[in-house]
Amino acid sequence: MARSNNLHSVAAIFDTPNKIIKAAEKVRDEGYNKFDVNTPYPLHGMDKAMGLSSSKVGFVTLFCGLFGGSFILLFMWWTLAKNYQLFIGGKPFFALPAFIPITFEITVLIGAVSTFIALIAVFFKLPFNNHPLHDTDYMKTVSVDKYGIYITTEDPKFDKEKIISLFKSLGAVSTDLIYLPKQEKFSMFNLKFVLFLIFVAAGTSGSTYLLLNKLMYITPFDWMEFQEKYTPQETSLFFGDRRSMRTPVDGTVAKGFIPYPYKGIANPTEVLSNPTIPTEDLLKMGKKKYLTFCSPCHGNFAEGDSRLNGQFPNGPTLHSDKIIKYSDGMLYHIITNGQNAMPAYDLQITRHERWAIVDYIRVLQRAKNAKNSDLVEIKKESTTNGQ
Amino acid sequence: MSLDYSKDMVQFTKEPKLVELDNLISKPMDTNPSRKYFIALAFTSSLMFLGFLCIGYTFYFGIGAWGNNQTIAWGFGITNFVFWVGIAHAGTLISAILYLLRQRWRNAIARFAEAMTIFAVICAGLFPIIHTGRPWLAGYLIPYPNSMNLWPNFISPLDWDVFAVSTYFTVSLLFWYLGLVPDFAILRDRAKDRIKKLIYTFFSLGWRHSNRHWRDYEKAYMVFAGLATPLVLSVHTVVSFDFAAAILPGWHSTIFPPYFVAGAIFSGFAMVVTALVVMRKVFDMENIITLNHLEKMNKIILLTGSMVGYAYLMEAFISWYSGVPTEQYVAVNRAFGNYAWAYWTTVSCNVFFPQFFWFKKVRRSIPLMFIVVLLVNVGMWFERYVIIVSSLHRDFLPSSWTYFTPSVIDFGILIGSFGLFFTLVLIFTRTMPVIAMSEIKGIVEGAQPSHDGGAH
């Protein structure tokens, strides 16, 4: 480091621990306060000799550790009990014991990291490689086996000659004048610096490109994209017909799709009888299915008021005498088989659900043509229900 | 801060001058390495690359390349993980717990043991990540708000592991670096080479040995020791939860946390002694790391080894006492079943041979102690192997009972982890002071001021 003519401090070297402790006590007693002692290792009793209070760094650990611990506990509660509940064997979403290990670990982690950062950046004010003491003989001696003390010019009582004689009287091995380093200036557009920036930019973008666009598509990083299997519609080199999708054996019946024997037949009413008992649950289910599958064309109450605005031939009302007279089997047949413009619903709606819809249509029809006796019935029911 | 450095043992075989200490400790960094060093480095790094090759093979072809099967899903991967985490614990014990207990003799070996902690955690951390076969998905273990709204399952012991091991690594690293800062400053001030000086300047952060800094430094060191002490106990406790929280007979046991912690310290000290015996010889540090140090460590090995032996007995006793037939079956099967050979290797290496340390002669004889600690290293690896494999290979469904046969790749990765560890150790011995210079200087005779004519 090139030095200027401005004085930073006056320093002295002592050769035994006892002498440096004495010197520190004396300097403190003389009323100096901008001074420091440099020793190769911590000396017992030096803090007292220099008049330093005890360190405050423990408070950082305490507060940051407590903060980290309570934060992670809250965070885990929020993620697992609020934001995305995980059902694990019926256990409660938040039971404290299971959250203790991580709370503890994070308390320690945050406590330690914050202590470290605070220590280096706040307490030590490091990194500080420009300090005038660096690269001096003084520094090189105290880092090995000698003990040094210096008083800076910032001290209000600073007086070069007086301090030197004070140090001498305390038995200093040598005294030293430490000058401030010359201010160095670095230009922004230094060629080397600009080249360095370009190099970093190229390196970063290049490696990001390679990582995201190339590396992620190389086995084994390709998320198992390529597997030893046929995808739908792929040609097969193995089978004679070159098809990887095999047709089922004749007579195969898909689960839940027992073939309907009256496909295309006009009126199989006699053979099909309604196997269901119209319980409340069944009717509720029938209503749901009716609203899902039938209501778009036939209207919510089967009055033929289609919502399709003429985009499709309107389904007729299901309250006509003709349909009221239809047997349950006929309605079932129409749903299963379709009729003229009305499509078949055997693939979308299961058999049981189809019968439930039939029952529900009967309910709608009855409601449209309610008799006075029905009202009496309803009244009876509501009184027994206590309304 | 005033520590009570009561006199407990002779620190150095002959009292050195401070300059001599500096010169001796920084000699490996000042001189060019010898041919032997390069041969050693070539050997360990080839083992390491062998391991990396096997890991690459595993990634490419999948976990099927290992000996793992449907029944024994953990095999070598987790065995190695627990083994290396255990090794790591000695360093923290020496640097933190012995510090809090004011054991001055720790100063000579603390730095090296801490370095071994860091390297062992690196080796350990490798295994949980690779044993999934898709390590690039490990990012999901970190709770961050991702597009899938996916959070880790915070109540799984495997997730606790993630937090425990990563916290352990971070804290150990910071603790270690904090201790290194003053030493880097010493090296900076004595460096002649420009590049070397630049590097040490960078890492020393401009440390000035200022007493205003020493004050906070010592306090922070104490705080770190205070944090690391419960941490080191928690880490192996959490590792043992991986097993203890499962319902598998042979794993589901409340004795696991203390048993694992004792085992960890046991294996860790064995590894530290193994490495120190070699290192003090190679770097002529017999006067700083003395027989006294090694003897103290051997005593700790004897103690923890006996604790581990007690745990083995207790495991067998509890399985009988519990009256649960499956537990009893597992205990008998462990000792006399398919894996009897591994079990008795474990018992003899961990319980029987360390008992020789009752004899002072054995404790103070370099060749004998070297043999014993090597056996302990082997035994502790087998202990984890027995716990994992012998418990898994007889599960609740007899049709899936099977035997575990490791593949070549398994062995390759195990050997590779040793290669990685010793490569890191070798590089460390040449680039950083293996003994904490500023700490060791502080305990030399006459290094501290004599208050009021010597009365402390």
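This is a predicted model: local features need pLDDT of at least 70, side-chain atom pairs count only at pLDDT 80 or more; totals for chains, interfaces and linings use all residues.
**Notebook: rings, charges and a cavity**

I started with B:Y60, which is partly exposed at a relative accessible area of 46% (buried is under 20%, exposed over 50%, partly exposed in between, with a 1.4 Å probe and protein chains only).

Residues are numbered from 1 along each chain as its sequence is written, chains are lettered from A and ligands numbered from 1 in the order in which they are written, and side-chain values use heavy atoms, with hydrogens and water left out.

**Ring pairs**

I counted rings of Phe, Tyr and Trp (its six-membered ring) as paired if their centres lie within 6.5 Å; planes under 30 degrees apart are stacked, over 60 edge-to-face, and the rest tilted. Over all chains that gave me 76 aromatic pairs. One of them joins A:F67 and A:F71: the centres are 6.1 Å apart and the planes meet at 20°, so I logged the pair as stacked. Both residues sit in helix α3 (residues 57–83) of chain A, four residues apart, which is about one helical turn; helices here are DSSP runs (H or I, at least four residues), numbered from the N terminus. A:F67 is exposed at 55% relative accessibility, while A:F71 is partly exposed at 46%.

Back to B:Y60 and B:F61: their ring centres lie 5.0 Å apart with planes at 70°, so this pair is edge-to-face. I also found a cluster linked by ring pairs in chain B, with B:W341, B:W381 and B:F411 among its members.

**Charges over rings**

I looked for NZ of Lys or CZ of Arg within 6 Å of a ring centre and within 35 degrees of the ring normal. The charged end of A:K157 sits over the ring of A:Y32, 5.7 Å from its centre. In chain B, the charged end of B:R430 sits over the B:Y37 ring, 4.9 Å from the centre.

**A cavity**

Which residues line the second largest cavity? I listed A:L80, A:L86, A:I88, A:K91, A:P92, A:F93, B:N153 and B:I155. A cavity is a set of points on a 1 Å grid over the protein atoms alone where a 1.4 Å probe fits but cannot get out, and lining residues have an atom within 4 Å of a point.

How values were computed:
On a 1 Å grid over the protein atoms alone, a cavity is a set of points where a 1.4 Å probe fits but cannot get out, and a pocket is an open set with protein on both sides within 12 Å along at least five of seven lines; lining residues have an atom within 4 Å of a point. Helices (H or I, at least four residues) and strands (E, at least two) are DSSP runs, numbered from the N terminus.
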